[in-house]
Amino acid sequence: MPLVKGEKITDDTFVHVADDAEIPADGAILISSARFLENAEALSQRAGRTGVIWPNSRDVDDLVPWLDRLAVVALVFPTFRDGRAYSQARLLRERFNYRGELRATGQVLRDQFLFMLRAGFDAFEVKKPADAEAFANTVKRYSVFYQPTGDGRMTTLHRRMMLRHSESANP
Amino acid sequence: MYAYDELDRTLINERVEEFRDQVKRRLAGELTEDEFKMLRLQNGVYLQLHAYMFRVAIPYGTLSSKQLRQLAHVARRYDRGYGHFTTRQNIQFNWIKLAELPDALADLAEVGIHAMQTSGNNTRNVTSDQWAGVAPGEIEDPRIWSELLRQYTTLHPEFSFLPRKFKFAITASAHDRAAIKIHDIGLRLHKNAEGETGFEVLVGGGLGRTPFIAKTIKSFVHGRDLLSYVEAILRVYNQYGRRDNIYKARIKILVHELGIEKFAREVEDEWQEMRDSDTALTLDDAMIEDIRSRFSYPAYEKLPHMPEELKTAAHDPLFERWRKNSVFMHKIQGYAIVTLSLKPVGGPPGDATADQMDTLADLADKYSFGEIRVGHEQNLALPHVARRDLPALWKALDKIGLATPNVNLVSDIIACPGLDYCSLANARSIPIAQELTRRFANHDTANLIGRLHINISGCINACGHHHVGHIGILGVEKNGEEFYQITIGGRADENAELGALIGPAVPYGEVADVVEDIVEAYLALRARPDELFVDSVKRLGVEPFRERVYATR
């Protein structure tokens, strides 16, 4: 499954470690939330980089104490129709100021890339190779955004205010 | 009218191109039907019994004549020459071809019309009072706020995959014509003691198989906080609304299961957090004024209330009959709101032909400053008619079959498409409505009966709002046959209530007889000629009606 970061297909340096497999001392790993929470203090201080796969049915509040020590938070779209992870992503980015990698996993498809990007995701485990290749073009589909999110894109309401301002400044 | 600016236009054009690409990928097999289904739904495209159905949004029920002509063009060019106006200020085309949909959308985009989010598990078309901006006594034009909400909810990155569909309705009048209490979020505009504009926010209304009347979650949310408060509700719902069972996924179930107090606390907590960390959603006066400035209002003339033309026409009983039924008070003296019944005797409720739409667009230009309204009762309105023009307008409307004087009367029936079109339906709705309009075709009888709303749904999904009909008719299937459950006493206005079942379901062939029996019982039982049917039911309960209907069955 291709990983897209910075609009490009890149190598995934993180290894998924199953719940019954041994956790290596170093190296970048992605583990389940259950595994992580069993021993969060130690795991968040291991030598290698640690990422957690967080289910969409659990409040992200439970992850907040460890956020500054996590390299990746991977949120899950069990199907693309289940949109809970969009709210989790915005909360992590906008309320809890999480600055590490925020990865979309599960049924990650082309037609949701822009929503995910706007919600704060910056890494995408894309289901279909063709979708991954189309990433850069797909996220350019829209140039107008009606609502503010943490992605910093200017909303129409603000653009209109600026237009008005410049009109009145240059009569 | 709200006039799109360059930004609005750009966005809907970008949407058309996105959908064109999605259709192309579907036809090339790059998207599975499962993947494509949600994308097409979010552009208003359903797969029905016979063909694709295309639902186009008419935000807050306001149309320009130019837009109406383009709807006529779409009906003619891509469909079978007619369209069907729905209970949520949408229009549906029933015979559209998938490959042609992107072109139809592009044609609509030329006049600022779209089909975004008219279906799918997202925030749907924001609806409002069809008399917004012209109703006497209105606090202020609710369409300003409707438009702000339309923009805010369009392609929302967080809320495009909610547990289930989500509908907003707004009213700014004491008499609720927008049925806000049967919406996921209902907003009643009012002013606080300081004279500031805000909203009573209601939540968790909805019909379907588990109907609920909305409950007040907050009695006053300041206008500047409207978007942040709505976002808090949507966020709580997105995270905690049920996704394990499609029939329990609406916000009404979450509100019911948590209780309104607990749900309100969850929303309040979320809202307080948002207000602390994020002010981007707060509307300042300049932003609101900017939207307001894009709404244009007619340059009304100073006109008399009783012009000569009206005095003369008053001698014509047919004109008078129509005027008394279909003409309503306007906030400006000398003007009137005219409701156009889309319920001709024997016709399917809510349908209009392309030719009717074109002619009506011309009449709107001539008599209503180029503006047309669409109401949830599946009728149209001309919102700014000079009273001196009423006789001429009536003649013109009558010629195209849009002057049936049955507005708010027993034959002004709301009905879903039912089994004639819909893949979900268990029973037919349209032929029942048609039969009832024939039974009650006599205007004097209908007028004697007075205001009486009959709502018909062909299945439990309740698109015909049967629960809130004064008389509600619900089609069900029993051993492969069409049966109908009948309720009485429902209403969708500010005193919204769910109707009560009158007795066992009756077969297709008996529905019209039962309705006649109910109406006869009412005429015999009402306290005074001006006690409305729904008030008699309230006073007397179901029992006397049940007796009358089932005594001989």
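B:Phe369 is buried, because 21 other C-beta atoms lie within 10 Å of its own. A residue counts as buried if 20 or more other C-beta atoms, placed from the backbone, lie within 10 Å of its own, as exposed if 12 or fewer do, and as partly exposed in between. B:Phe369 sits in the loop between α12 (354-367) and β14 (371-374) of chain B, and its phi is positive, near 50 degrees, although it is not a glycine. Most residues other than glycine have a negative phi. Helices (H or I, at least four residues) and strands (E, at least two) are DSSP runs, numbered from the N terminus.

The model is predicted: local features need pLDDT of at least 70, side-chain atom pairs count only at pLDDT 80 or more, and totals for chains, interfaces and linings use all residues. Residues are numbered from 1 along each chain as its sequence is written, and chains are lettered from A and ligands numbered from 1 in the order in which they are written.

B:Gln378 also has a positive phi, about 70 degrees, without being a glycine. B:Gln378 belongs to the loop between β14 and β15 (380-386) of chain B, and it counts as buried, with 25 C-beta neighbours inside 10 Å.

In chain B, 5 strands make an open sheet in the order β6-β7-β8-β9-β10, with mixed pairing. The edges are β6 (127-128) and β10 (215-222) of chain B; each has a single partner strand, so one side of each is left without a neighbour in the sheet. Two strands pair if DSSP finds at least two bridges between them. Strands β7 (residues 168-171) and β8 (residues 185-191) of chain B run parallel and are joined by 4 bridges. Within these two strands, B:Thr171 stands opposite B:Arg188.

Helix α5 (residues 143-153) of chain B lies across β6, β7 and β8 of chain B and runs at about 160 degrees to β7(B). Such angles run from 0 to 180 degrees between N-to-C directions, with axes fitted as lines to C-alpha atoms, for helices over the stretch in contact. Of the 11 residues of α5(B), 11 are buried, including B:Trp145, B:Leu148 and B:Tyr152. After α5(B) comes B:Leu155, with a positive phi near 55 degrees.

A nonpolar core is a set of buried Ala, Val, Leu, Ile, Met, Phe, Trp, Tyr and Cys residues joined through C-beta atoms within 7 Å. The largest such core has 166 residues, and B:Ile233 and B:Ile518 touch the most other members. With 9 residues, α6(B) gives the most to this core. Leaving aside neighbours within four places in sequence, B:Ile233 is in contact with B:Ile185, B:Val203 and B:Val267; contact is defined by C-beta atoms, placed from the backbone, that lie within 7 Å.

Which helix supplies the largest share of the side of chain B that touches chain A? In that interface, 33 residues of chain B are in contact with 29 residues of chain A. The largest share of chain B's side, 6 residues, comes from α1(B). By class, this side has 13 nonpolar, 10 polar and 10 charged residues. Here Ala, Val, Leu, Ile, Met, Phe, Trp, Tyr, Cys and Pro count as nonpolar, Asp, Glu, Lys and Arg as charged, and the others, Gly among them, as polar.

Methods. Two residues are in contact if their C-beta atoms, placed from the backbone, lie within 7 Å.
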